[in-house]
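Take a look at the model below.

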Amino acid sequence: MAGCVDSVALGAFATALVGRYRDTGHAVIRSLSLGFTATVVVLAERAGVSVDRSAPVSGLEGKRDVQVPLVGGIDELWSLVAELERRMPC
């Protein structure tokens, strides 16, 4: 159908974005992806899609594009998601 979004694909995309954000410790990548990732999470959850919000693995295990010292946690993403949920009209 034209104009429809595949909710399964949207959920997989949103979860992959969150995983990429969570698993990088690079300040530039996080900065560039924060707003987009938060927006996709809000849209996916409004569409009734579950997005994986599991906590990141501590240390360097599983990390990609690491900048030392490691850049903050995932809390900044969830904070922006909460703000966008309040500000984006339904």
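In this predicted model, the side chains of R22 and D23 make a polar contact at 3.2 Å. R22 is found in helix α1. Is R22 buried or exposed? R22 has a relative accessible area of 14%. The cut-off for buried is under 20%, so R22 counts as buried.

W78 is found in helix α3. With a relative accessible area of 15%, W78 is also buried, because this value is under the 20% cut-off.

| Residue | Helix | Relative accessible area |
|---|---|---|
| R22 | α1 | 14% |
| W78 | α3 | 15% |

Now for the core. In soluble globular proteins, nonpolar side chains tend to be buried together. Here, the largest nonpolar core has 19 residues. V18, L77, W78 and V81 have the most contacts inside it. Which elements give two or more residues to this core? They are α1 (7-23), α2 (27-46) and α3 (75-87). Of these, α2 gives the most, with six residues.

Leaving out residues up to four places away in sequence, L77 touches V18, Y21, L34, T37 and A38. With neighbours within four places set aside, W78 is in contact with V18, V41, D52 and R53.

How far apart are the C-alpha atoms of W78 and R53? They are separated by 8.8 Å. Along the chain, W78 and R53 are 25 residues apart.

Note on methods. Residues are numbered from 1 along each chain as its sequence is written. This is a predicted model: local features need pLDDT of at least 70, side-chain atom pairs count only at pLDDT 80 or more; totals for chains, interfaces and linings use all residues. Side-chain values use heavy atoms; hydrogens and water are left out. A nonpolar core is a set of buried Ala, Val, Leu, Ile, Met, Phe, Trp, Tyr and Cys residues joined through side-chain atoms within 4.5 Å. Buried means under 20% relative accessible area, exposed over 50%, partly exposed in between (1.4 Å probe, protein chains only). Helices (H or I, at least four residues) and strands (E, at least two) are DSSP runs, numbered from the N terminus. Contact means heavy atoms within 4.5 Å. A polar contact is a pair of N or O atoms within 3.5 Å; within protein, one must be able to donate a hydrogen and the other to accept it, and residues adjacent in sequence count only if both atoms are side-chain atoms.
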